[in-house]
Amino acid sequence: MSRTIKFIVVIILTLISLYTIGSWSEQTVINYFVSIISKSINPTNSTILIADISNKSSQKLPENFKIGISTSAYQIEGAWDADGKTPSTWDTLIHSHPELISDGSNADVASDSYHLFKDDISAVNSIGLQFYRFSISWTRILPNGSAINQNGIDYYNKVIDECLANGIEPVVTMFHWDLPQWLQDLGGLPNEIFIDYFVAYADVLFKNFGHKVKRWITVNEPYNYCIISYGFGIWAPAIKSPGVGDYLCGHHLLIAHAKAYRLYREKYFKMFGGEVGITLESPYYIPKDSSVSDKDHQRALQYRLGWFANPLFGTGGYPHVMIDEINERSKVEGRPFSRLPQMSEEVKKLILGSADFLGMNYYTSSLILINKAERDPREEPSWFSDSGVKESADPTWKQAKTFWLYSVPDGLKSLLNWIKNEYNNPPVFITENGWSDEGQMIDDDRIDYVNSHLLAVAEAVNEDQCNVIAYTLWSLFDSFEWNSGYTLKYGFFHVNYSSPTKEKTPKKSVE
Ligand code: NOJ
């Protein structure tokens, strides 16, 4: 039997079983069947996407390579207190400190995806993409940590069903920074109690949605989340504890992720056969001049991506350089133990290999220098002083509206190669890549950015055999961009925020 026939047979059997166990209606089954077949024949009908690549016959993406688009719950859902949902740390921060958001806005309504999710999915469908990555709001599902809120389950069932009915695979992130306020009140991420609550939450998600969601991402961008939320104290819950709280946050996230992964493998995998991964993020670091030796360069990448990737995909545990150096510094600072938490052999084993794929958000790269000067041990510590990394940009790189975002597609290719060599070529699912501007409808810079980055991916796959399996655009809409409010526009669709129905209009990139 040819691969296509086998594929169609498997789909028919799956749909028949979904229909017979009663979880899908007849119409849903038919719609899904029609759209999945047409998408497998024509993976994307978007005008810009892969346009450049298809012109270069040597740089085609593999047939089974998937392209999708992403959002996150807090950035689009609104309905911040609807139907039993309790506040997340972002709701709390924004309501108590609106001055921290550059345009004084909030995400109480946002693009109102809670009520308008059908429009969102129809937008994804209109550009012919194969999957939609969105996140679940923890406090819609578990408003106080114990009882399940059926309204929350119903809402996400509707979103998932709408995706499936349109032939779009739902790719679900469990935690995209909107931590329950009730959990922060217990200490949040720096408290190890986070682990048990996260695993209990994951269990609820797997149990309720596992028969329909086959690709799970536990956590989005632990590096940024921990450094900015519990280090700098700028993102919610705005706890300022650099060089201590951020390392604790990372530690508990890694363990929580690994336990959720193991839970899935033990309790759900046989039944559902899905995959669970994590989304990390990293720029590629490029030495700015010859003062940065090869050893310095590798050390810097270990601090940045290796902090989370080495325990999961590398040799296990934190990179040695981080363990040794932070331990030494902590001693000099007069501390009784290292600021970087220790991992027991058992914990190392739990974490190592606990991901079916490596989700990677890639936006930009940077030139680096390393500050090797002795630091006054009385100064406040931080990841930055520990790593000594000083980042800057090459003046020839095109800059987006976001101050740190430059277009460096070669950096993506180098990063993918670094991952391949360092971690034995794991499957890499690019979970975000995107460009911000002023919101203009003729978004030529976004088109160039996407095409050049897709080309970099294709080259990494074809020339270097990097195991990249999917690519995700950020973002479907101009949405709430954390402390920058609505001032930075990453969307492929414009949203009319002044209208109650939040009409979406495609920009040139997806027309
Ligand atoms: C990564 C984050 O996951 C997302 O929430 C954010 O909007 C983009 N970066 C752009 O800054």
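The following legends describe close-up views of a predicted model.

**Figure 1. Overall composition of the predicted protein.** The protein contains 18 helices and 13 strands. Of its 511 residues, 59% count as buried. Among contacts with a separation of 6 or more, 76% are accounted for by residues 24 or more positions apart.

**Figure 2. Packing of helix α12 against helix α13.** Two packed helices are described by the angle between their axes and the distance between the axes. Helix α12 spans residues 245–272 and helix α13 spans residues 294–313; their axes come within 11 Å and cross at roughly 30 degrees. Angles under 35 degrees count as roughly parallel, and α12 and α13 are therefore roughly parallel to each other. Their crossing is right-handed. On the α12 side the contact is made by D246, Y247, G250, L254 and H257, and on the α13 side by W307, F308, P311 and L312. By residue class, this contact comprises six nonpolar, two polar and one charged.

**Figure 3. The disulfide between C226 and C249.** A disulfide is a covalent bond between the sulfur atoms of two cysteines. A search of the whole structure finds one such link, and this disulfide joins C226 to C249 with an S to S distance of 2.1 Å. The pair links distant parts of the chain, 23 residues apart: C226 belongs to helix α11 (residues 222–232), and C249 belongs to helix α12. The link of C226 and C249 is left-handed, with -65 degrees about the S-S bond. Both C226 and C249 are buried. Two further cysteines may be viewed alongside this pair. C163 counts as buried because its relative accessibility is 0%. C466 also counts as buried, at 5% relative accessibility.

**Figure 4. M271 of helix α12 and its spatial relation to H211.** M271 lies in helix α12. With a relative accessible area of 57%, M271 is exposed, because the exposed class begins over 50%. M271 and H211 are 60 residues apart along the chain, and their C-alpha atoms are separated by 7.9 Å.

**Figure 5. S88 and A79 in the loop between α4 and α5.** The loop that holds S88 runs between α4 (73–76) and α5 (89–96). S88 counts as buried because its relative accessibility is 2%. Leaving aside residues up to four places away in sequence, S88 touches Y74, T139, D178, L179, P180 and Q181. A79 is also found in the loop between α4 and α5. Although A79 is not a glycine, this residue has a positive phi of about 45 degrees. A79 counts as buried at 10% relative accessibility.

**Figure 6. Positive phi at D112.** Most residues other than glycine have a negative phi, and most peptide bonds are trans. D112, a residue other than glycine, has a positive phi near 55 degrees. Its place is in the loop between α5 and α6 (113–126). D112 is buried, with a relative accessible area of 12%, because the cut-off for buried residues is under 20%.

Figure 7. S475 is found in the loop between β11 (468–474) and β12 (493–495).

**Figure 8. Packing of helix α17 against helix α18.** Helix α17 (residues 409–422) packs with helix α18 (residues 444–462) at an angle of about 30 degrees, and the axes are 8 Å apart. The two helices are therefore roughly parallel to each other. The crossing in which α17 passes α18 is right-handed. From α17, residues P409, L412, K413 and L416 meet S452, H453, A456, V457, E459 and A460 of α18. The residues of this contact divide into six nonpolar, two polar and two charged.

Note on methods. Residues numbered from 1 in each chain as written. Predicted model: local features only at pLDDT ≥ 70, side-chain atom pairs only at ≥ 80, totals over all residues. Heavy atoms only, no water. Axes fitted to C-alpha atoms, helices over the stretch in contact; angles between N-to-C directions. Helix = DSSP H or I, 4+ residues; strand = E, 2+ residues; numbered from the N terminus. Parallel < 35°, antiparallel > 145°, perpendicular 65-115°, else oblique. Left-handed = near helix turned anticlockwise from the far one by under 90°. Contact = heavy atoms within 4.5 Å. Nonpolar A, V, L, I, M, F, W, Y, C, P; charged D, E, K, R; others polar. Disulfide = S-S within 2.5 Å. Buried < 20%, exposed > 50% of the residue type's maximum accessible area, 1.4 Å probe, protein only.
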